[in-house]
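Hello,

Here is the structure I said I would pass on. Please open it first, then read the notes below.

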Amino acid sequence: MSVDYATATVVKLGSRIGARIDGVRLSGDLDAATVELIQGALHEHKVIFFRGQEHLTEDGQHEFAQLLGTPTTPHPTVTSKGVKSLPIDSEYGRANSWHTDVTFVDRIPKSSILRAVHLPEYGGSTTWASTVAAYESLPDPLKALVENLRARHTNAYDYAADRTDREIGAQGRAYREEFESTYYETEHPVVRVHPVTGERALLLGHFVKNFVGLNAAESQALFQLLQNRVIKLEHTTRWNWQLGDVAIWDNRATQHYAVDDYDGQGRRLTRITLAGDIPVGVDGRASTIIQGNAEHYSIVEQVARAA
């Protein structure tokens, strides 16, 4: 049974991003008022956290996810690791770079639900950044520039660019090969309009290949300038995991980074993503597919867009 709605409290963790919700036992039978509370907190705070959810199994996590939307398959290309959830496992690699989940497809997930399964004795925290706060912090001339820009995202990104072959290991290489087994490339607006809140957010992260109309050097320089806004400490929140923790983030308004500071210890979490819409820019133009069909991965959520 779910905890009574009256006992649920939202504890704000920072002025721009992050909140903890207390007094809720996550499950597939939460009452409608509690689900509404969770959805509202997610849209306001961008990432929300729950402690003490040790009772959750993979099935329970999936049943809860269905209350918030339509779960996708675990991943567009990595299909060998799970049926309901994707293991975020240090044995397969360490995604210690800033990204928004699965931006190389047209139907970017609207949110992700991450559950701690096995944790190292130290380290292994995760940091989230508000891409809404990043956009809002830009001076007007930069806003005018990025609102008219588009970027191409691909899954041909090397997570292990700064790691040796020995550090990656055989499992990591096999995971990388599966990750890139089907090539995806999608052109997205650099500034997307959130379909629920109407807020504007920077749509970037490590899957960006280049900005349309700019050469490689120009793309890299502008990308770094914008990313520096995203990861400004005032725009971030950092979560130190405990077993039983669950994090949910608005994938349309955040980036995140798994901190690789736990040496050779194991770290495993399970992730379920929820189907999202096709991003739309300030000019009303939607994202377009360059290569790859993601229909098997996810439906396209139909959203009554904010006025």
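Which residues does His-188 touch, not counting residues up to four places away in sequence? The contacts are Thr-103, Val-105, Asp-106, Ile-108, Arg-150, Ala-151, His-153, Leu-203, Pro-279 and Ser-287. Keep in mind that this is a predicted model.

**His-188**

His-188 sits in strand 8, which covers residues 185-189. The residue has a relative accessible area of 0%. The cut-off for buried is under 20%, so His-188 counts as buried. Two of its contacts deserve a look on screen. The side chain of His-188 makes a polar contact with the side chain of Ser-287, at 2.6 Å. A polar atom of the His-188 side chain also lies 2.7 Å from the backbone oxygen of Thr-103.

**Overall picture and confidence**

The chain has 307 residues, and 54% of them count as buried. It contains six helices and 16 strands. Take the contacts between residues at least 6 apart in sequence: 84% of these join residues at least 24 apart.

Average pLDDT for the chain is 91. A score of at least 70 is reached by 88% of the residues. Two stretches need care. Over residues 1-5, pLDDT stays under 50. The model has 15 contacts for that stretch beyond four places in sequence. Residues 159-166 also stay under 50. There the model has 12 contacts beyond four places in sequence.

**Arg-192**

Next, a buried arginine. Arg-192 belongs to strand 9, residues 191-193. Its relative accessible area is 1%, so Arg-192 is buried. What does the side chain of Arg-192 make a polar contact with? The partner is the side chain of Asp-277, at 3.2 Å. Asp-277 is also on the list of residues that Arg-192 touches beyond four places in sequence. That list includes Glu-199, Arg-200 and Arg-252. Ala-201, Leu-203, Pro-279 and Val-280 are on it too.

**Leu-204**

Leu-204 lies in the loop between strand 10 (200-202) and strand 11. Beyond four places in sequence, Leu-204 touches Thr-100, Thr-103, His-153, Val-190, Phe-211, Phe-223, Leu-226, Gln-227 and Gln-255. One distance to check: the C-alpha atoms of Leu-204 and Trp-98 are separated by 9.1 Å. Those two residues are 106 residues apart along the chain.

**The second largest pocket**

This pocket has a volume of about 300 Å³. Its lining is made up of 16 residues. Nearest its centre lie Gly-205, His-206, Val-208, Gln-220 and Phe-223. Strand 11 (208-211) and helix 6 (216-230) are the elements that give two or more residues to the lining. Helix 6 gives the largest share, six residues. By class, the lining has seven nonpolar, eight polar and one charged residues. Phe-223 links back to the previous section, as Leu-204 touches it.

**Helix 2**

Helix 2 runs over residues 58-68. Which of its residues are buried? They are Gly-60, Gln-61, His-62, Phe-64, Ala-65 and Leu-68. An α-helix has 3.6 residues a turn, so residues three or four places apart point the same way.

**Two positive phi values**

Lys-46 has a phi near 75°, a positive value in a residue other than glycine. Lys-46 is in the loop between helix 1 and strand 3 (47-50). Its relative accessibility is 4%, so Lys-46 counts as buried.

Asp-263 is not a glycine either, and its phi is about 55°. This residue lies in the loop between strand 14 (254-258) and strand 15. Asp-263 counts as exposed, at 52% relative accessibility.

Best wishes

Conventions: Residues are numbered from 1 along each chain as its sequence is written. This is a predicted model: local features need pLDDT of at least 70, side-chain atom pairs count only at pLDDT 80 or more; totals for chains, interfaces and linings use all residues. Side-chain values use heavy atoms; hydrogens and water are left out. pLDDT is the predictor's confidence in each residue, from 0 to 100. Contact means heavy atoms within 4.5 Å. Buried means under 20% relative accessible area, exposed over 50%, partly exposed in between (1.4 Å probe, protein chains only). Helices (H or I, at least four residues) and strands (E, at least two) are DSSP runs, numbered from the N terminus. A polar contact is a pair of N or O atoms within 3.5 Å; within protein, one must be able to donate a hydrogen and the other to accept it, and residues adjacent in sequence count only if both atoms are side-chain atoms. On a 1 Å grid over the protein atoms alone, a cavity is a set of points where a 1.4 Å probe fits but cannot get out, and a pocket is an open set with protein on both sides within 12 Å along at least five of seven lines; lining residues have an atom within 4 Å of a point. Grid points are joined across faces, edges and corners, and a volume is the space filled by probe spheres set on the points. Ala, Val, Leu, Ile, Met, Phe, Trp, Tyr, Cys and Pro count as nonpolar, Asp, Glu, Lys and Arg as charged, and the others, Gly among them, as polar.
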